Amino acid sequence: MKSEELSDSISIDGMSKDDAIVYLMRCYGEEIKRLVYTFVKNWQQAEDITQDVYISLYTKLDTFRGESAVRSWIYTIAINKSKDFLKSWSYRKLSFTDKFTTNQKESAHSAEEGVIASSEDQLLYRAVLSLPLKYREVILLHYYKEFSVREIGELLSMNESTVKTRLSRARKVLQDSYIELGGER
C-alpha cells in the first residue's frame, strides 16, 4: 500500500494513547525522519528532532480533533520542530563549527566518491538541499511528499498564492543551482 493511501485510511480513534503512538511511529517514523533531515541536513539531529516530534504527539494526542488528516497533523508538528531547531542557538553554533570541518574534509575525497558525487541524482539532491528553506520546504512537500498546493498552504500556514509563488521561484533557483553544480539543462 502506498503511503498516500495509507495516510488517508489511518484512524487513531478508539486506540489507547500508547497503541496510537506505536502505530503512528510504524506508519510515519522513517518518513518524518527524512522530512526533518531535509530541513536540518544532519541525520543525528534529524533523529533527535523526530523523537521530539513523537514526544509532542504523545503529549498532544488527546488534543487531536480530527479536523485534518493525521498525516498533515504530524507533518505540521515535524516542520515546526525543524524550524524551531534551525532558529536555536545550538544550531547556529553547530553550523559555524561545521564550516571549518567541511573545508578540511573536502580535499580528502577518493576518485570513487568523486564519481558518485557527480551523478545526476546527487547533483539534484545537492541542489535541492542548497535552496533557501522557504523554497526547499515547498519543493519537498510538493514533489517529494506529493502534497497539493492547498495542503502545503495549510501545513505552512500561508495562502495558496504564496505557495504557488514560492514553488515558481524555487523551480527557477533550483534550475540555476543544478546547472551551476554541473547538471545538464
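S72 is buried in this predicted model, because its relative accessible area of 16% falls under the 20% cut-off. The residue lies in helix α4, which covers residues 70-87. Apart from neighbours within four places in sequence, S72 is in contact with F147 and L155.

A20 belongs to helix α2, residues 17-40. A20 also counts as buried, at 1% relative accessibility. The C-alpha atoms of A20 and L61 are 8.5 Å apart, although 41 residues separate the two in sequence.

| Residue | Helix | Relative accessible area |
|---|---|---|
| S72 | α4 (residues 70-87) | 16% |
| A20 | α2 (residues 17-40) | 1% |

The helices that hold these residues pack against each other. Two packed helices are described by the angle between their axes and the distance between the axes. For α2 and α4 the angle is about 35° and the axes are 10 Å apart. The crossing of α2 past α4 is right-handed. By class, this contact has 14 nonpolar, one polar and three charged residues. From α2, the residues that meet α4 are L24, Y28, E31, I32, L35, V36, F39 and V40. Their partners in α4 are V70, R71, I74, Y75, A78, I79, S82, K83, F85 and L86.

Helix α8 spans residues 133-144, and its buried residues are Y135, R136, E137, V138, I139, L140 and L141. After α8 comes E146, which has a positive phi near 60°.

Definitions and conventions
Residues numbered from 1 in each chain as written. Predicted model: local features only at pLDDT ≥ 70, side-chain atom pairs only at ≥ 80, totals over all residues. Heavy atoms only, no water. Helix = DSSP H or I, 4+ residues; strand = E, 2+ residues; numbered from the N terminus. Buried < 20%, exposed > 50% of the residue type's maximum accessible area, 1.4 Å probe, protein only. Contact = heavy atoms within 4.5 Å. Axes fitted to C-alpha atoms, helices over the stretch in contact; angles between N-to-C directions. Left-handed = near helix turned anticlockwise from the far one by under 90°. Nonpolar A, V, L, I, M, F, W, Y, C, P; charged D, E, K, R; others polar.
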